[in-house]
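Visitor: I would like to learn how to read the features of a model such as this one. Could you take me through them in turn?

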Amino acid sequence: MTTCSFLELEQSSLRDLLRKKCPTFILQESNSCFFDVIERFEDCPEGLVDFNQSDWMNLCEPYNYQLLDRWETKRDDILEMFEEFKFAHGYSSTLEALVDSLIEEPADMAIQMVNLAMTYAAQVLHEALQDSF
């Protein structure tokens, strides 16, 4: 896990950095997945770099019940972000995007979709702020 060390980053919140570096990124119109990533990494924006090597499940919500709760409460936003993930990676179907995931029951599919969507949201934010780190 990344430790916040850069003085500029310690003095800036993730929201401040987004406003400064990405004025076209309109948070009010954004998907709630972005809000959740920002909330989690507000005080340590450089922690987003960890999503280059790991995923949401391993870094933020390691228990299946957490991911299933997110699926139940924010399904539409998760599906929207998952569709963006599929498009960005060139997948033509949900099954193709989940081909490397272990799916034994329907809940496993939802868990993996949440994980991929939230990981993608964090990666998008990291890319938008990349020159800040």
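Guide: Let us begin with the elements, where helices (H or I, at least four residues) and strands (E, at least two) are DSSP runs, numbered from the N terminus. From the N terminus on, this chain runs α-α-α-α-α-α-α-α, which comes to 8 helices and 0 strands. The model is predicted, so that local features need pLDDT of at least 70 and side-chain atom pairs count only at pLDDT 80 or more, while totals for chains, interfaces and linings use all residues. Residues are numbered from 1 along each chain as its sequence is written, and side-chain values use heavy atoms, with hydrogens and water left out.

Visitor: How should I read the packing of two helices?

Guide: Two packed helices are described by the angle between their axes and the distance between the axes. Axes are lines fitted to C-alpha atoms, for helices over the stretch in contact, and angles run from 0 to 180 degrees between N-to-C directions. Here, helix α5 (residues 64-73) packs on helix α8 (residues 106-128) at an angle of about 80°, the axes being 9 Å apart. That makes α5 roughly perpendicular to α8, given that angles under 35 degrees count as roughly parallel, over 145 as roughly antiparallel, 65 to 115 as roughly perpendicular and the rest as oblique.

Visitor: Which residues in α5 and α8 meet?

Guide: Contact means heavy atoms within 4.5 Å. On the α5 side these are Asn 64, Leu 67, Leu 68, Arg 70 and Trp 71, which meet Ala 107, Ala 110, Ile 111, Met 113, Val 114 and Met 118 in α8. The residues of this contact divide into 9 nonpolar, 1 polar and 1 charged, where Ala, Val, Leu, Ile, Met, Phe, Trp, Tyr, Cys and Pro count as nonpolar, Asp, Glu, Lys and Arg as charged, and the others, Gly among them, as polar.

Visitor: At what angle do the axes of α3 and α8 cross?

Guide: The axes of helix α3 (residues 32-41) and α8 cross at roughly 70° and come within 9 Å, and α3 and α8 are therefore roughly perpendicular to each other. In α3, Cys 33, Phe 34, Asp 36, Val 37 and Ile 38 meet Met 118, Ala 121, Ala 122, Val 124 and Leu 125 in α8. The residues of the contact of α3 with α8 comprise 9 nonpolar, no polar and 1 charged.

Visitor: And how are aromatic rings read?

Guide: A pair of aromatic rings is described by the distance of the centres and the angle of the planes. Rings of Phe, Tyr and Trp (its six-membered ring) pair if their centres lie within 6.5 Å, and planes under 30 degrees apart count as stacked, over 60 as edge-to-face and the rest as tilted. The structure holds 6 aromatic pairs. The rings of Tyr 63 and Tyr 65 have centres 5.9 Å apart and planes at 20°, so this pair is stacked. Elsewhere, Phe 82, Phe 85, Tyr 91 and Tyr 120 form one aromatic cluster.

Visitor: Is Met 57 buried or exposed?

Guide: Buried means under 20% relative accessible area, exposed over 50%, partly exposed in between (1.4 Å probe, protein chains only). Met 57, found in helix α4 (residues 56-59), has 17% relative accessibility and therefore counts as buried. Not counting residues up to four places away in sequence, Met 57 touches Pro 62, Leu 67, Ile 111, Gln 112 and Asn 115. By contrast, both Tyr 63 and Tyr 65 are exposed.
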